[in-house]
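Welcome! Here is a short tour of one structure, taken a stop at a time. Have a look at the model below, then read on.

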Amino acid sequence: MDFAAYFKSELDAVREEGRYRVFTEIERHCGHFPHATRYVGAATQDVTVWCSNDYLGMGQHPLVIEAMHAVLDECGAGAGGTRNISGNNHHHVLLECELADLHGKEAALLFTSGYVSNWAGLGTLASRIPGCVVFSDALNHASMIEGIRHSRAEKRIWAHNDPEDLDRLLSLYGPEVPKLVAFESVYSMDGDIAPIAEILDVCEKHGAMSYIDEVHGVGLYGPRGGGVAEREGQMDRITVIEGTLGKGFGVMGGYIAASADLVDFVRTFASGFIFSTALPPALAAGACASIRHLKSSTFERDRHKEVVSTVRRKLDMLGIPHIPNPSHIIPVMVGDARKCKRISDWLMDNHGIYVQPINYPTVPRGTERLRLTPSPVHTDGDVDRLIDALSDIWSQCELARGSLAA
């Protein structure tokens, strides 16, 4: 086989379709987010970032930076190994205690990313519980899908955010069959939110374990930033809460929170935990500082809601189509991969506005979009510049204007 020719032909096909991914080289500046520097060869450009998952700007917060600096000086750069072999640092333990408290659970377990926590958590539970059947929401994240696939457990896909369909599928299995229901709180591409209480009603009716991915909810929702489940008073009903430290909390890492025995079970049997080098202590300390701050501070969440509301209102005034949803994610719909990339490039080149195009396979073909993520550190001027630029390019491309039905 001519491997080189095969690789080239596959990449050429992606380019032809208009969905080849080009990484934008930027440099964030501490204390100045969402403003950054873009590198294009030897040249640079000032840009405003509108597509970051550092939703609250906590990656730049002075308390987070201070905590990381202090622990970097105290402990050095790395953890020194896996948690099992010399890498179990005091700051990992402190962070897990903060996370357990955040979610009202007995224990928590750290992983190197949210992807790994889903892959290892779901994969371990589904593979180690004899005869387990996994019921997965149709729009679950790739990390959840990979974890379920890796487990080799039987799986059933239920219609997105549809408790009735979940109930129908669960009813096909007797009470003797172990059942695990996996779903998300906030779905990151459309920005819709799961009917958590109704899903949990169905889980309890059938004696099923519940596993919720709160990666796009933690830090942003609930009186202490515990996520949508905290806001809705449902955390105590959920078997496993999974989250990330790299979005609302602004640092890096993933975790699960659950009963002490369940967490210990995953710690004991999950290869993705056992054989992974532990997070650097400084990252753990930064995440800990971020969580502690957001447990008591509502300023970031309140300002975040204001900016999101303002962006939505101004998009509506100009007829820029975006998916209406109850979350902080604003999907501006384009519906064509080439146009989506062209608009993204034009915004960057002409206005210094960085919005990454979202194409297949992240979203279905024909639903290509610009995914806006306003933050509390975007100013009114930032918002006005974004809206004016979008209105300009919408006219240039002769794209349809008008509201999208909910």
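## A space inside

In the largest cavity there is about 90 Å³ of space. Please keep in mind that this is a predicted model. Searching the whole structure turns up 1 cavity of 30 Å³ or more.

Which residues line the largest cavity? They are R83, L110, F111, T112, G272, F273, S276, T277, A278 and L279. Two elements, β4 (107-111) and α10 (271-274), each give two or more residues to this lining. Sorted by class, the lining holds 5 nonpolar, 4 polar and 1 charged residues.

## An open sheet

Now let us turn to a sheet. Here 3 strands, in the order β11-β14-β13, form an open sheet with antiparallel pairing. Because β11 (330-333) and β13 (357-358) stand at the edges with a single partner strand each, one side of each has no neighbour in the sheet.

How many bridges join β13 and β14? The two strands pair in the antiparallel sense over 2 bridges, with β14 covering residues 369-372. To find this pairing in the model, look for I358, which stands opposite R369 in β14.

## Helices on the sheet

Which strands does helix α12 touch? This helix, residues 299-318, packs on the sheet and touches β11 and β14. The direction of α12 makes about 20 degrees with that of β11.

Helix α13 (residues 337-351) also packs on the sheet, where it touches β13 and β14. The direction of α13 makes about 45 degrees with that of β14.

Methods:
Residues are numbered from 1 along each chain as its sequence is written. This is a predicted model: local features need pLDDT of at least 70, side-chain atom pairs count only at pLDDT 80 or more; totals for chains, interfaces and linings use all residues. Side-chain values use heavy atoms; hydrogens and water are left out. Two strands pair if DSSP finds at least two bridges between them. Helices (H or I, at least four residues) and strands (E, at least two) are DSSP runs, numbered from the N terminus. Contact means heavy atoms within 4.5 Å. Axes are lines fitted to C-alpha atoms, for helices over the stretch in contact, and angles run from 0 to 180 degrees between N-to-C directions. On a 1 Å grid over the protein atoms alone, a cavity is a set of points where a 1.4 Å probe fits but cannot get out, and a pocket is an open set with protein on both sides within 12 Å along at least five of seven lines; lining residues have an atom within 4 Å of a point. Grid points are joined across faces, edges and corners, and a volume is the space filled by probe spheres set on the points. Ala, Val, Leu, Ile, Met, Phe, Trp, Tyr, Cys and Pro count as nonpolar, Asp, Glu, Lys and Arg as charged, and the others, Gly among them, as polar.
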